[in-house]
Amino acid sequence: MSFSKILNSWYSVNKRSLPWRETNNPYFIWLSEIILQQTQVKQGLPYYNAFVAQFPTVFDLANAKESEVLKLWQGLGYYSRARNLHVTAKYIANTCNGEFPNTYKGLLKLKGIGDYTASAIASICFNEVTAVVDGNVYRVLSRYFGIDTPINSTKGIKAFKALAQELIDAKDPATFNQAIMEFGATQCRPKNPDCMFCPFQASCVAYNKGRVDELPVKLKKLKVKQRYFNFLVFLSKDNKTILEKRKGKGIWQNLYQFPLIETDDNMAHNDFLKLVKAHSLLNGKTFELHQYNDVPKVHKLSHQHLNTTFWIVNIDLVENGVPFETITDYPVPILIGNFIEVFHF
């Protein structure tokens with residue numbers, strides 16, 4: 001029996017029941033695929049359901065404010081996905097009359113859509129024979145064939161795409177693509193894969209050579225950068241605080257945060273007080289400064305760790321303040337959101 005037939009047979013018995021598997025509507029498939037980038041199904045499913053409930057069509061999403069989209073996305077991370085989602089929704093609604101491109105090449109031109117997402121939509125919605133390659137697929141193929149070419153190298157990316165394209169079931173590309181992703185997610189897992197009950201056990205190179213834990217191979221990541229964030233949490237006597245919108249192309253673009261002072265290292269109270277006194281929001285004003293968390297909270301992103309300290313600034317009045325009761329209306333990074341939840345303004 002061929003690789004694709006064994007895989008599809010396994011999938012017919014073991015696939016999870018998920019809402020995006022009950023449709024071939026490109027809007028819902030696109031939405032699910034963007035949400036599930038860098039995200040596990042159990043985490044992404046509630047977000048998918050929330051987006052479908054609030055924005056049942058691409059027109060609804062297109063007509064939303066960016067802040068509404070970011071607020072609903074809050075906690076998923078990689079916020080550029082949400083911004084691209086909104087931009088593409090407006091393009092589909094306003095330029096394409098709500099119709100998604102029906103080919104891999106056409107889909108690839110949309111903002112926020114790369115090879116994997118274009119392949120998924122094209123195969124599932126339009127039956128195009130184009131193979132998906134994500135982390136799950138890399139893992140399955142590298143183990144089964146015993147390939148140690150780094151999956152995040154230029155050579156590896158091309159080789160695994162070509163291999164997946166050779167293996168795909170030309171008669172049913174949608175099922176094959178969903179099956180191989182599901183197999184990697186639930187059977188051929190990164191850790192503790194279920195090799196004892198694997199339909200490929202007899203012919204899996206990694207299993208038979210004792211290399212399951214060695215594959216796939218990845219090139220080492222760049223050194224993680226350490227950053228030191230100090231947030232000023234203003235508390236005025238009339239129950240207002242200050243939130244600022246992040247600009248630029250860095251992390252958390254267009255999300256809101258408390259005023260930030262970034263330093264070269266963690267700072268003692270008296271040293272930090274001097275910086276705060278010179279801040280434009282406080283220059284010449286009377287205030288009290290208290291350190292909220294004694295030990296910096298480390299917030300880990302893909303290539304940087306944010307060593308974060310929250311500083312409480314008690315002050316009489318703030319200009320352009322945000323009332324405490326409306327603070328949860330603003331889209332904020334999960335780091336800020338968690339603080340707001342615990343602090344109870």
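Modeller: The account below begins with a helix pair and then turns to the domains. The model is predicted, so local features need pLDDT of at least 70 and side-chain atom pairs count only at pLDDT 80 or more, whereas totals for chains, interfaces and linings use all residues. Residues are numbered from 1 along each chain as its sequence is written, and side-chain values use heavy atoms, with hydrogens and water left out.

Helix H9 (residues 135-145) and helix H10 (residues 154-167) pack at an angle of about 85°, and their axes are 11 Å apart. Helices here are DSSP runs (H or I, at least four residues), numbered from the N terminus; axes are lines fitted to C-alpha atoms over the stretch in contact, and angles run from 0 to 180 degrees between N-to-C directions. H9 is therefore roughly perpendicular to H10 (65 to 115 degrees). In the contact (heavy atoms within 4.5 Å), Tyr-138, Leu-141, Ser-142 and Phe-145 of H9 meet Gly-156, Ile-157, Phe-160, Leu-163, Ala-164 and Leu-167 of H10.

Asp-172 is found in the loop between H10 and helix H11 (173-186). Asp-172 is partly exposed, at a relative accessible area of 28% (partly exposed lies between buried, under 20%, and exposed, over 50%, with a 1.4 Å probe and protein chains only). Asp-172 and Asn-8 are separated by 164 residues in sequence and by 9.5 Å in space, C-alpha to C-alpha.

On the wider scale, an automatic or database assignment divides the protein chain into domain 1 (3-209) and domain 2 (225-343). Their C-alpha centres lie 37 Å apart.

Note on methods:
Helix = DSSP H or I, 4+ residues; strand = E, 2+ residues; numbered from the N terminus. Parallel < 35°, antiparallel > 145°, perpendicular 65-115°, else oblique.
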